[in-house]
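Welcome! Open your viewer and follow the stops below in order.

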Amino acid sequence: MAIRSSAGSGVVVSLVVFVLLTILLLAGSIVLWGDFKEARDSGIQREKDLEKYATKADRGSDWLASLKNASGRDSILNFLHKQNQELRRF
């Protein structure tokens with residue numbers, strides 16, 4: 001004998017859609033969390049690399065702004081390198 005179900009086909013379809021959406025949401029969350037972690041780690045590494053050349057206090061100082069203006073189109077590091085070479089030649 002076949003067992004009759006009291007649930008209609010609409011309820012079954014709704015349940016299947018709910019389960020599929022839940023699985024897709026879980027997969028999407030895992031992918032986004034991995035990308036977020038990678039971006040956060042990359043940002044932390046960039047900050048550590050930048051700290052080798054200029055601390056946060058240095059980056060906010062007034063003399064750095066004047067150095068940026070004096071460097072023109074060159075990078076500040078290139079400008080300082082040229083200044084150092086000129087001083088050594090002198």
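What pLDDT does the protein chain average? Colour the chain by pLDDT, the predictor's confidence in each residue, from 0 to 100: the average is 85, and 92% of the residues score at least 70. This is a predicted model, in which local features need pLDDT of at least 70 and side-chain atom pairs count only at 80 or more, while totals for chains, interfaces and linings use all residues. Residues are numbered from 1 along each chain as its sequence is written, and side-chain values use heavy atoms, leaving out hydrogens and water.

Next, select helix 3 (residues 62–71), where confidence is lowest, at a mean of 78. Where pLDDT is low, the predicted coordinates should not be read in detail.

Now move to helix 1, where confidence is highest, at 92. Helices here are DSSP runs (H or I, at least four residues), numbered from the N terminus. Helix 1 covers residues 9–51 and includes Leu 24. Select Leu 24 and you will find it exposed, at 58% relative accessible area (exposed is over 50%, buried under 20%, partly exposed in between, with a 1.4 Å probe and protein chains only).

Stay in helix 1 and pick Trp 33 and Phe 36, which are three residues apart, so about one helical turn separates them. Their rings form a tilted aromatic pair, 5.4 Å centre to centre with 40 degrees between the planes. Rings of Phe, Tyr and Trp (its six-membered ring) pair if their centres lie within 6.5 Å; planes under 30 degrees apart are stacked, over 60 edge-to-face, and the rest tilted. Trp 33 is exposed, at 54%, and Phe 36 is partly exposed, at 44%.

Technical notes. Helix = DSSP H or I, 4+ residues; strand = E, 2+ residues; numbered from the N terminus.
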